[in-house]
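Please examine it before reading on.

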Amino acid sequence: MIPATNLLILGAILFSIGVIGVLIRRNAIVIFMSIELMLNSVNLTFIVLARQLHSLDGQIFVFFIMTVAAAEVAVGLALIISAYRLRATINVDEINLLNG
Amino acid sequence: MLEWIWLVPLFPLIGVIINGLFGRYLGHKIVGILGSTMIGLSFITVSIIFVDLLKLPPEHRFFTKTLYDWIVAGNFTAQISFLVDPLSVVMMLVVTGVSFVIHIYSIGYMHGDKGYSRFFTYLNLFVFAMLLLITADNFLMMFVGWEGVGLCSYLLIGFWYGDNYNAYAGRKAFVVNRIGDFGFLLGIFFIVVTFHSVNFQEVFGAAAAKYTIGAPIITVITSLLFVGAMGKSAQIPLYVWLPDAMAGPTPVSALIHAATMVTAGVYMVARANVLYTLSPISMALIAVIGVATAFFAATMGMTQFDIKRMLAYSTISQLGYMFVGVGVGAFAAGIFHLMTHAFFKALLFMGAGSIMHAMSNSTDMRMMGGLKKKMPITYWTFLMATLAISGIPGFSGFFSKDEILWQSLAGAYGNFWIWLVGVITAGLTAFYMFRAVYMTFHGELRAKKEIAEHVHEAPSTMTVPLLILGVLAVIGGYIGIPKILGGSNPFEHFLDPVFEKSLEIRHAAGLVPHISGESARVLELPLMGLTFVIVLVGIGFAYLMYLKRPELPGIWTKKINYVYQLVFNKYYVDEIYETLIVNPMAAISESFLWKFVDVKIIDGFINGTGNVVRGTGRVVRKWQTGFVQNYALSFVIGVVILVFYIVFM
Amino acid sequence: MVTVLLYLFGILAILSALGMVFHRNPVYSALFLVVTFFSLASIYALLGAQFLSIIQVMVYAGAIMVLFVFVIMLLNLRKEVRLPIGKPAQVIFGVIFGLLLFVEGLLIIKSGSISGTLGRYPQAKVNVIGNVEALGNLLFTKYLFPFELASIILLVGMIGAIILGRKKMPKEL
């Protein structure tokens, strides 16, 4: 068994990759996938800590996060589709109606 | 019953509320009766309070009723509380009594006016404010009443605001009074700073205990308070509003601009007698201004042809007498004259109103004459009032005016010159009053035919009040018969407790009457006689010039044309004020305050605020790229910084 | 053996995640993400969370990723594929601050400040009861109310997706 610390670092790495993905990609779908990656890194952290602390509550949380993520993906993708219908693109740098 | 003092101002307030809110739906009859009834109820309450007060021993005739704390700020408190003492009761009796009579008179006088309910609302509001002024037991509440009566005065002068001149007259009264009120307010500020209180008892007590006669701060306070009195009571130099105030309905002139409001200044000085006693300079100032006003107003009254304006100058002149009274330390005599004046001057105005009623609202005495036969009640009551104001022995004005004149010579602050001018003024008063009587009631009617045919005696709602006041004008003086004429002057003794402290101060300072004891007894009667002779001379001249040989005035005025023109034009005071004060003010207001301060500075400030916001926005909005990932980046930067701060700091 | 597998799947997860972020073509990104999910599912299984491991495969790798791929196929993204993945400045700053965030996380983990009181379910006990049964016990007793709420969230999400995904918005909405 490797120490929990290394698994937590794995979670941090995945989370940071997700953040970088959100920040740099212009494709809305990939941004969305990056967000999913961040959620998953949090899930990993939950499970590692749940095991370390002898508690199942962390796993329950993961269960709920997955539920919410599923709903979120459904709505989010629907939003992307309607945005695409409206502007014929999903590049976030082209959707800038709020610029001053 | 003293407990119920708050009912006194409450009744008129109820009248204000009902007439003010629902008056237009009630019908003229109910409005008039309601307004008068409320004042009547007030009068009854005051009478009961008066009787209760008489039952108490003189030194205990003092009562305050506190309703609640009005202002509590640090160690400063001002309360809504009422003061019952002989002075306030006398004033309440005069105000509610005369108001009641004039309210009834107004029912007839205002008959058919389309502002009927508005008129009674204002009139009740005035009585309410006046009673507040009188019953206040601190300077602040007095000031509320003071401003309240000023407001009502303004509203009622401009009552027929459709006419531009009336509205102008109202504004003039308001503005001139503001000048006086500014001084009054400054005086109150000084009182608060000096005594940390506005309560009469506390202020006067502290003043008597801490300051000696001639203390500069007291002089400052009393002079400033007197500036307020100058405005409200129409003294030189702030008297100019009162003649124009005659633009209001005649009952208003009778009630506000003759009997009650304009005497507020006299009341205030009498109320603050302790402060004034401590300041001989202020006392001298009051006496000098009073006598000067009395004299100059009397001369102006001599040349007027408008009956109401003539009475207005007469009022100013008589107010001058009252100030002479309080200015020479004869506070009771001043209040006494205030009371008798309220009776006969209200009567004179109501008589004038009755004449106007008959003459189709003409006020020019040159158009009148010979009304004696057609309006007997008006004539006889007017004559009674004239005899009273002229100071004919036996009538009310005689007792009060002679008391003032005697005190101005013999009293502790007396002075020969003040007395002399006062006596001459008495002669002038008799002259212009009899001039008015002769021009109006005697000789031939000089009016146009269609007006002349219309002349008739007023309805009973107007003549009954005339008769009531006529009786009072005759007998009102008998409550104050001086010792020398075999009386005991109960009026003065009734007021004594109020002025007791002033007397103590005076005694402590060794101020005693100039003339007393044996020489007083010898002098007083001959002086009375001398005044009477001068009055008779005045009447004689009036008889000669306006009844016996009507061509004389024309000849004589030609001979002294320059003087006559000067007096006839009221010494050009209005014109001087216009050039020296009003026009420069208007010019400064327009070129500097409006064109520069308002347009450039204030508008510039407001527009500048908008421009700054817009300019900043123009720059700052570039930050809003509309590019979602910029926002996300700043979000992440914020998270990095926050985590750093929370975890590592 | 387990340790080796953990490192293996961990490295695989990191690499595929990087591939997901940095590959131009969103279809490839999606496939890289599937690999990451599978790696994580394996790690869950190795950590004794068998139930979540299965769910991870079913929900994420199965349902969610199918949705993603589906949407990518629905939209015509040929133009985007030829562009760089993002604006240059945005890429530089994004990477810098993402790395800063990682460094901070690393420092927190290394400082050992993450701790807590021990619970009532050590791994040995869970192994005896069975992971699914233990979770089910908790889910239907202590977490019953959140469980029901989760079902409502799913329902709302479903309705929202249907309404947003319709071709034309109804006029009254």
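Reader: How many helices and strands does chain A have?
Author: This is a predicted model, in which local features need pLDDT of at least 70, side-chain atom pairs count only at pLDDT 80 or more, and totals for chains, interfaces and linings use all residues. Residues are numbered from 1 along each chain as its sequence is written, while chains are lettered from A and ligands numbered from 1 in the order in which they are written. Helices (H or I, at least four residues) and strands (E, at least two) are DSSP runs, numbered from the N terminus. From the N terminus on, the order in chain A is α-α-α, giving 3 helices and 0 strands.

Reader: How are helix 2 and helix 3 of chain A oriented to each other?
Author: Axes are lines fitted to C-alpha atoms, for helices over the stretch in contact, with angles from 0 to 180 degrees between N-to-C directions. The axes of helix 2 (residues 28-52) and helix 3 (residues 57-87) of chain A come within 9 Å and cross at roughly 175°. Angles over 145 degrees count as roughly antiparallel. Helix 2 and helix 3 of chain A are therefore roughly antiparallel.

Reader: How many residues of chain C that touch chain A are nonpolar?
Author: Two residues are in contact if their C-beta atoms, placed from the backbone, lie within 7 Å. The contact takes 60 residues from chain A and 73 residues from chain C. Ala, Val, Leu, Ile, Met, Phe, Trp, Tyr, Cys and Pro count as nonpolar, Asp, Glu, Lys and Arg as charged, and the others, Gly among them, as polar. On the side of chain C, 3 are charged, 16 polar and 54 nonpolar.

How values were computed: Angles under 35 degrees count as roughly parallel, over 145 as roughly antiparallel, 65 to 115 as roughly perpendicular and the rest as oblique.
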